[in-house]
Amino acid sequence: APPAGVVTVPAVQTIRMRALVTDVLHAAYAVQLVDLPRGRAAAYDADGTVHVRGGLHPGDTYTAVSQLHVPDVERLGEEMGSWEALAQVDIGQRYLSLPPSVPERVGQLTRELVAGAETPYAAARRIEAYLRDYPYRTDTPFTPPGRDFVDYFLFDLRAGYCVYFASAMVVMLRTVGIPARMVQGFILPIDGPGDYTVTDAH
């Protein structure tokens, strides 16, 4: 069942692989049914990612039926609850742990951004708004040896692409005790049927 504050919209997707070789099935979350090429089998992990035994290769075509989760933003904020309610949730460390390489100034920046936020949801929106001010660039240099990826993005590069923004959001949320996990993917339009070409563009 979808979380409270979320409605679902069915979507049938037929995907033809053009160049990518992968064992991860690309389809909108949450995948309910999959029709794969002969000899392949689907396996779901704990987070809902679908892996394909035997892999997917250029020329392969498959069909996935998903239930798109469309949040009611206002209700979602309400369902997330207060800081006090969040503190009572026993989520363990899976979505709160941080690598030791994260410098203290990342947490300090985040605490400054969310100071006074009445709810965890409001805090998350502040972090999102802050990151949206960073320019989107794909011609970024490698992170220097010995530097933390997120710290380098936030304080030196101050520009990047999807991996940078998603990583920073997760790390920043976790520094203030808001559970978060890293997710990347493609946005599926929900305004009607159509043909879409997914490339390596971001």
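Helices (H or I, at least four residues) and strands (E, at least two) are DSSP runs, numbered from the N terminus. This is a predicted model, in which local features need pLDDT of at least 70, side-chain atom pairs count only at pLDDT 80 or more, and totals for chains, interfaces and linings use all residues. Residues are numbered from 1 along each chain as its sequence is written, and side-chain values use heavy atoms, with hydrogens and water left out.

View 1. From the N terminus, the elements run β-β-β-β-β-β-α-α-α-α-α-α. Of its 202 residues, 32% count as buried; buried means under 20% relative accessible area, exposed over 50%, and partly exposed in between (1.4 Å probe, protein chains only). The chain exposes about 12,700 Å², and carbon and sulfur atoms supply 54% of that area. Accessible areas come from the Shrake-Rupley method with a 1.4 Å probe; for residues, only the protein chains shown count as cover.

**View 2. Helix α3 (residues 104-114) meets helix α4 (residues 120-132).** Their axes come within 9 Å and cross at roughly 115°. Axes are lines fitted to C-alpha atoms, for helices over the stretch in contact, and angles run from 0 to 180 degrees between N-to-C directions. The angle makes α3 roughly perpendicular to α4; 65 to 115 degrees counts as roughly perpendicular, under 35 as roughly parallel, over 145 as roughly antiparallel, and the rest as oblique. From α3, the contact uses L109, T110, L113 and V114; from α4, A123, R126, I127 and Y130. Contact means heavy atoms within 4.5 Å. These residues divide into 6 nonpolar, 1 polar and 1 charged. Ala, Val, Leu, Ile, Met, Phe, Trp, Tyr, Cys and Pro count as nonpolar, Asp, Glu, Lys and Arg as charged, and the others, Gly among them, as polar.

**View 3. Helix α3 also meets helix α5 (residues 149-157).** Here the axes come within 9 Å and cross at roughly 60°. The two helices are therefore oblique to each other. R105, V106 and L109 of α3 touch V150, D151, L154, F155 and D156 of α5. By class, this contact has 5 nonpolar, no polar and 3 charged residues.

**View 4. A cis peptide bond runs from Y29 to A30.** Its omega is near 5°. A30 lies in the loop between β2 (22-24) and β3 (31-35). Most peptide bonds are trans.

**View 5. R158 has a positive phi, near 55°.** R158 sits in the loop between α5 and α6 (162-175). The residue is partly exposed, with a relative accessible area of 40%.
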